[in-house]
Amino acid sequence: MSDQPIQPPRPVRPPRADTPEVLGLKELKSAQPDLASAVDLQVALLDIQRRLQGRVPLPWISADDAWLQEQEKAGRALVRFGDIPLEWSDFRLAFRQNADVLLRFDALEAADHQAIVALAREGNALEPVVEQWYNATSGTGQTRPEGLPASLDHVLVLALRPFLAKCAEVLRQRTPLTASHALCPFCGWEPDFAVITPSAERHLICGRCSAQWPFASLTCPFCRNDDRARITSFATRDGRYRVYGCDVCHRYLKAYDARTAPRPVMVAVDTIATLPLDAAAMQRGYN
Ligand SMILES: [Zn+2]
Ligand SMILES: [Zn+2]
């Protein structure tokens, strides 16, 4: 027996409360065990995002209102790279963590993971790549960085999301949306989900910054086909979700139907809940 003084018990830190998204994902997992690994991956990614979110400073948008309105009317992205409040040490960490989680869940090949993580380790190699990639994917006409795995996109989208979401929040207050935007008015990325609002409008949701904006219900955002006869739309049996397939470009978009739903759209949950719909859409020849 040692004669060390008795230590008072360490206070037990209560576990962090689950966010509505994490709760929704846990419910989904117990209702549909087939989706378990997709749910676990999503929970791990949300955890990285949440830890970063609180640290992202408010962006200072240097553009003036006249310039922003002109960009908006022309359908050009409002967020310029220099306006993104990137704290590089935070970004670098999130970038690595996202890559590690994707590898752990077999959503990233080991060789790609190695190349991606090396980029974050090599001095200042990452910064110019991120800048060039953002410019190339936000409609500035710049070419993408070369010689890097295509899966880098996935990691960059995830790591940039909290920073870009803050920019979109600020710009949404400043710039009214007047044009018809097939791409995200804020960051220029494609929509990857949609929501049908209680007033029966369709809002597209950006796959990168998560911003929402209204868009014609039966126009394809990928090729702008607006011939209703060439849009195939089908709903899930419970009416919760809908798929719009375009019979011109053969791409499809999933939507959450909030008209009779008990809760608003939760992209992090709804994109996972609709994984079986992706299979159904692909079976019908959409991609
Ligand atoms: Zn966006
Ligand atoms: Zn189309």
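Predicted model: local features only at pLDDT ≥ 70, side-chain atom pairs only at ≥ 80, totals over all residues.

Student: Which residues of α6 and α7 meet?

Tutor: From α6 it's Val129, Val130, Trp133 and Tyr134, and they meet Leu152, Asp153, Leu156, Val157, Leu160 and Leu164 in α7. Contact here means heavy atoms within 4.5 Å. Helices (H or I, at least four residues) and strands (E, at least two) are DSSP runs, numbered from the N terminus.

Student: OK, back to packing. At what angle do the axes of α6 and α7 cross?

Tutor: Roughly 85°, and the axes come within 12 Å. That makes α6 roughly perpendicular to α7. On the cut-offs: angles under 35 degrees count as roughly parallel, over 145 as roughly antiparallel, 65 to 115 as roughly perpendicular and the rest as oblique. The axes are lines fitted to C-alpha atoms, for helices over the stretch in contact, and angles run from 0 to 180 degrees between N-to-C directions.

Student: What about α4 and α6, how do their axes cross?

Tutor: At roughly 80°, coming within 12 Å. So α4 is roughly perpendicular to α6. On the α4 side the contact is made by Trp88, Phe91, Arg92 and Phe95, and on the α6 side by Leu126, Glu127 and Val130.

Student: How many residues does α4 have?

Tutor: 17, covering residues 88-104. From first C-alpha to last, α4 reaches 24 Å, close to the 24 Å expected at 1.5 Å a residue. The expected span is 1.5 Å times one less than the number of residues.

Student: Which of its residues are buried?

Tutor: In α4 they are Asp90, Phe91, Arg92, Ala94, Phe95, Asn98, Ala99, Val101 and Leu102. Buried means under 20% relative accessible area, exposed over 50%, partly exposed in between (1.4 Å probe, protein chains only). The cover over those α4 residues includes α2 (36-53), α5 (110-121), α6 (126-136) and α7 (152-174).

Student: Which way does α1 run against α2, parallel or antiparallel?

Tutor: They pack at about 170°, axes 9 Å apart, and that makes α1 roughly antiparallel to α2. Glu21, Val22, Leu25, Leu28 and Lys29 in α1 meet Ala36, Val39, Asp40, Gln42, Val43 and Leu46 in α2.

Student: Switching to the metals. What coordinates the zinc ion (ligand 1)?

Tutor: The SG atoms of Cys184, Cys187, Cys206 and Cys209, at 2.3 Å. Donors are N, O and S atoms within 2.8 Å of the metal (3.2 Å for Na, K and Ca); water is not among the atoms, so sites may look incomplete. The spacing of these donors along the chain is C-x2-C-x18-C-x2-C. Cys187, in the loop between α7 and β1 (191-196), and Cys209, in the loop between β2 (202-206) and β3, link distant parts of the chain, 22 residues apart.

Student: And what coordinates ligand 2?

Tutor: The zinc ion (ligand 2) has the SG atoms of Cys220, Cys223, Cys246 and Cys249, at 2.3 Å. Its donors are spaced C-x2-C-x22-C-x2-C. Cys220 lies in the loop between β3 (212-214) and β4 (231-235) and Cys246 in strand β5 (residues 241-246), so the pair ties together parts that are 26 residues apart in sequence. Both Cys220 and Cys246 are buried.

Student: Last one: what does Thr137 touch?

Tutor: Not counting residues up to four places away in sequence, Thr137 touches Arg144, Cys187, Gly188, Trp189 and Arg208. Thr137 lies in the loop between α6 and α7 and is buried, with a relative accessible area of 9%. Cys187, one of the zinc ligand 1 donors, is buried too, at 0%.

Definitions and conventions:
Residues numbered from 1 in each chain as written. Chains lettered and ligands numbered in written order. Heavy atoms only, no water.
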